[in-house]
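The following report concerns a single protein model. Please consult the sequence and the coordinates alongside the text.

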Amino acid sequence: MTNNLSNEVRVADFGHRASVPSSAENMNLTGTEHVGTDNGIADPLAQSGVIAAGFPAIYRAIIASDFFRKVTETYLTQIALIVIGLATTVVVSRILGPEGRGFLAVAVAISGLGVQFGNLGLNASNTYYVAKDRSLLPRLLGNTLTISLGLIGIGAFLTYLVLQGRPQWSPIQGNLLILALAWIPFGLAYMLLQNLLLGVQAVRAYNKIELVSKLLALFFIGFILFWGLVNPVTVFLAFFLALLIGFVWAFWRLHGLLHQPIGVSVELFGSNVRLGIKAYLICLFYFIVLKADILLIKHFAGVADAGYYSVATAVSGYLATLPTVVAAILFPTLSGMTNVKEKLRMAKQATLGTGALLGLFLLFACFSAKLIVRILFGKAFLPAAIAFIWLAPGALFLGVESVIVQFLNSFGYPKSIVGVWFAVVLLNLGANVIAIPRYGIAGAAAVSSFSYLVVLLAILALVRGHSSKGSPVLAESPLVQPEIPSV
């Protein structure tokens, strides 16, 4: 289980953590004098000596940078989490059997939907605001606890009372339902706290919490297996206990960074929601593009083809881990910078490096697609290899877009990005209705790749437009200072 019980949505959440050095120390690459920004945060690629030395020196500096270290640590952590997740899935499926696994899956779905629909984009806005102004941390932390454990907690309790009165409305009952609903406020709180850690650049602490909590879940499952207490309730309880430990750890880590008492701010909450709802809509439209083709394939081509296509998207999703990690680290870094030129330079360099590596991964995966599918999923799923090959260009386009768009996101998620994704949703749905009946899953994959190309081109045009103006989108709230145009 991920912190929000949805691996797919994490890609769009851009929307982490030990003793946190100063912002300037976080951004320094070479130990030279910090230059290039108006707020004292150095741009790793603005070191004059590095720029003068040419591109080889630039990439040597990137490899030696704190930013590169954070990306590498987080990427390796995500790979470890994937392995742990696969191991957990296998163990749980084997010990519960199909029926028990089904009940657990329903509980997980209820919890995940509750967290996803209850966050209102606050995960993105938490990261944005605390990265721009660390003094907002006490109020952001207070708002997070009030909203998640207070308002959402009350909502979960009221939902339980309604379902108790109308049990026919709930697919699960008893203790499993109680745990699933109890997960929602704590799962949301954990996710929002993790994004605050992301905003304060505490990447190592974030990775430790993520990794240890997932290992604890697996340990607890082994414990109940050893004592013969296996059932859907105890397995979900194992996950829930690991979540609670991660929540307490994240809160303790953030509390240690406070220089003021925890507070609650209605004004700040309003600003959070106004910004967060745009990130929320971007995530929603992305999710529609990601999942609508599966439903359309099932309708037009049948359930077997939907199964093949889901495998192809799963493989491309694993490869998308790299740009997701880069974007997650890049977003708060750029949000904390105020010089537009240096911010753009850093975004471009991160995009070029990520695109080059992702392109190599995808090229290798395309040449060995059949072998990969056969090893991971078996011979029966070989038709998925063709779909993956058609999806690979789209995975590259989306990966590059997910990094460069952080330049725009760092200005407060401009509404134009929401408009781009809404238009692509309409394009994707219309094209799939035509392509799937004629070309099957290969057609759906080609439509996805084309849709992601349209998104990338539109985002690049927006980036060029904002950077050429010499002035960014204004900050969404008077609580933080607007960006200072480069001169």
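Is Asn 409 buried or exposed? Asn 409 is buried, since its relative accessible area is 3%; buried denotes under 20% relative accessible area, exposed over 50%, and partly exposed the range in between, with a 1.4 Å probe and protein chains only.

This is a predicted model, in which local features need pLDDT of at least 70, side-chain atom pairs count only at pLDDT 80 or more, and totals for chains, interfaces and linings use all residues. Residues are numbered from 1 along each chain as its sequence is written, and side-chain values use heavy atoms, with hydrogens and water left out.

**Overall composition and confidence**

The protein contains 17 helices and 0 strands, these being DSSP runs numbered from the N terminus (H or I, at least four residues, for helices; E, at least two, for strands). Of its 487 residues, 53% are buried. The accessible surface is about 20,700 Å², and carbon and sulfur atoms account for 71% of that area; the areas come from the Shrake-Rupley method with a 1.4 Å probe, and for residues only the protein chains shown count as cover.

The average pLDDT (the predictor's confidence in each residue, from 0 to 100) is 79, and 81% of the residues score at least 70. Over residues 1–55, pLDDT stays under 50, and the model has 158 contacts beyond four places in sequence for them. A contact means heavy atoms within 4.5 Å. Residues 471–487 also stay under 50 in pLDDT, with 53 such contacts beyond four places in sequence.

**The surroundings of Asn 409**

Asn 409 belongs to helix α16 (residues 384–409). Leaving aside residues up to four places away in sequence, Asn 409 touches Tyr 128, Phe 331, Pro 414 and Ile 417.

The structure holds 14 aromatic pairs. Rings of Phe, Tyr and Trp (its six-membered ring) pair if their centres lie within 6.5 Å; planes under 30 degrees apart are stacked, over 60 edge-to-face, and the rest tilted. Tyr 128 and Phe 331 form a stacked pair because their ring centres are 6.4 Å apart and their planes meet at 20 degrees. This pair joins distant parts of the chain, with Tyr 128 in helix α6 (residues 122–132) and Phe 331 in helix α13 (residues 321–335), 203 residues apart. Both Tyr 128 and Phe 331 are buried.

The expected span is 1.5 Å times one less than the number of residues in the helix.

| Helix | Residues in helix | First to last C-alpha | Expected span |
|---|---|---|---|
| α12 | 17 residues | 25 Å | 24 Å |
| α13 | 15 residues | 22 Å | 21 Å |

In α13, 15 of 15 residues are buried. The buried residues of α12 include Tyr 309, Val 311 and Leu 319.

**Further local features**

One aromatic cluster is formed by Trp 183, Phe 186, Phe 236, Phe 240 and Phe 247. Elsewhere, Arg 166 lies over the face of Trp 169, 5.9 Å from the ring centre; the criterion is NZ of Lys or CZ of Arg within 6 Å of the ring centre and within 35 degrees of the ring normal.

Leu 120, a residue other than glycine, has a positive phi near 55 degrees. Leu 120 lies in the loop between α5 (66–118) and α6 and is partly exposed at 34% relative accessibility. Tyr 413 likewise has a positive phi, near 50 degrees, and is found in the loop between α16 and α17 (415–469). With 3% relative accessibility, Tyr 413 counts as buried.
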